[in-house]
Amino acid sequence: MDTFAGSGTLTESAIALDERACAHNYSPLPVVAASAEGCWITDVEGRRFLDCLAAYSAVNFGHRNPEITATAHAQLDTVTLVSRAFHAEALGRFCAALASLCDKEMVLPMNSGAEAVESALKVARKWGTDVKGVPIDKANIVVADNNFHGRTISIVSFSSDPVARAGFGPFTPGFRSVPFGDADALTEAIDEHTVAVLLEPIQGEAGVVVPPPHYLPNVREICSARDVLMIADEIQSGLARTGRTFACDHWGVVPDVYLLGKALGGGVVPLSAVVADSDILAVLHPGEHGSTFGGNPLAAAIGSTVVSMLARGEFQERAARLGKRLHGRLRALIGHGVIAVRGRGLWAGVDIDPALGSGKTISLRLAERGILVKDTHGSTIRVAPPLVITEAEIDWAIEQLAETLADLAA
């Protein structure tokens, strides 16, 4: 596998146009994608990069997965959007399949992950008022420190990331944040007006942080005992990424509400969903919530194909098997520029020795070697390749990381 360095005029021109015409709400690596297939991205100058980010888990099944793209092409020839003013055959089929996969009864389809979270917040508050009997405007929701559920105003209202919050107030009230992994603190935060606990089973943006072994089972017990909805944000961690269909499955925990997105759209379209039983989602009535594009026939058809692929179990098996290799190779670098490795399946947070550089520095160095990862806080990088990656590709990626760390230490 070739390595390379430097950039040329096509790349520089594309980046300059991006920086001039696009709002600067991202800090992308200096790579300009022109095409992609499987685990590989080709830039405008023909250089190939091994994608070890998978669009933050949105491309779990690989770029341009043949089964998913075939569905997309077929649906493009029939109907793509009618809004929710009419029924669509593809939508009902998708909702029924996804509900079955989750062992739930109903699906609320949306577009982005943040929309799914916002929708769940509304549902939880409405459930609290209509079912639990919480007085109007008194509901509160417990969340975890260092969470990442999106960047809308309500969501950043309970973020502990100062970058996500600074200058964006005033914020939405009604949230209480407690340390992730601390069931006692969660218990203390719940009162008679608490309607939900919202958690990532594994915190992604925080650095792929895995909770203590008994934490999620304890959360499940607490929520059941206190008549509080347990909402699991599986937008990044779900759909085979960790070696199970949902990250919650590692602990044998079934939440009241699943929040899904990213990979649900097959890496082709935005598609998200709130999935729960009817006694929860039936609190919504016509006119109380909606989305013109939510559950559109194109996205629904693709979502049905994604669900059918997950039902076969092959991607969960690959993530579990190859994840052992990924984590084993990464752990071998501890003491050689790596401080710690966390995660499950094909998802890892890697803490680099700060003396060698920031996570952004490591990401830039790896991009020069043809490996695409992305930094998060401090000196941590995230590794989350498409689940179609091979053992040889994993080995090559870790070799590039090892050589990068050795070069920085020299």
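User: Is aspartate 103 buried or exposed?
Analyst: Exposed, in this predicted model. Aspartate 103 has a relative accessible area of 66%. The cut-off for exposed is over 50%, so aspartate 103 qualifies.

User: Where does aspartate 103 lie?
Analyst: In the loop between helix 4 and strand 4 (106–110). Its phi is positive, about 55 degrees, although aspartate 103 is not a glycine.

User: OK, serine 83 next. What is its phi?
Analyst: Positive, about 70 degrees, and serine 83 is not a glycine either. Serine 83 sits in the loop between helix 3 (66–76) and helix 4 (89–102). Serine 83 is partly exposed, with a relative accessible area of 25%.

User: Switching to peptide bonds. Which one is cis?
Analyst: The bond from glycine 169 to proline 170 is cis, with omega near 5 degrees. Most peptide bonds are trans. Proline 170 is in the loop between helix 7 (162–165) and strand 6 (175–178).

User: Now the inside. Which residues touch the most other members of the largest nonpolar core?
Analyst: Leu50, Phe94, Leu98 and Leu260, in a core of 63 residues. Helix 11 (residues 297–312) gives the largest share of this core, nine residues.

User: What is leucine 98 in contact with, beyond its neighbours within four places in sequence?
Analyst: Val107, Leu260, Leu264, Ala273, Val275 and Val307.

User: And how many residues are in the second core?
Analyst: The second core has 30 residues and is separate. Among them are Ala116, Ala120, Ala196 and Ile231.

How values were computed
Residues numbered from 1 in each chain as written. Predicted model: local features only at pLDDT ≥ 70, side-chain atom pairs only at ≥ 80, totals over all residues. Heavy atoms only, no water. Helix = DSSP H or I, 4+ residues; strand = E, 2+ residues; numbered from the N terminus. Buried < 20%, exposed > 50% of the residue type's maximum accessible area, 1.4 Å probe, protein only. Core = buried A, V, L, I, M, F, W, Y, C linked by side-chain atoms within 4.5 Å. Contact = heavy atoms within 4.5 Å.
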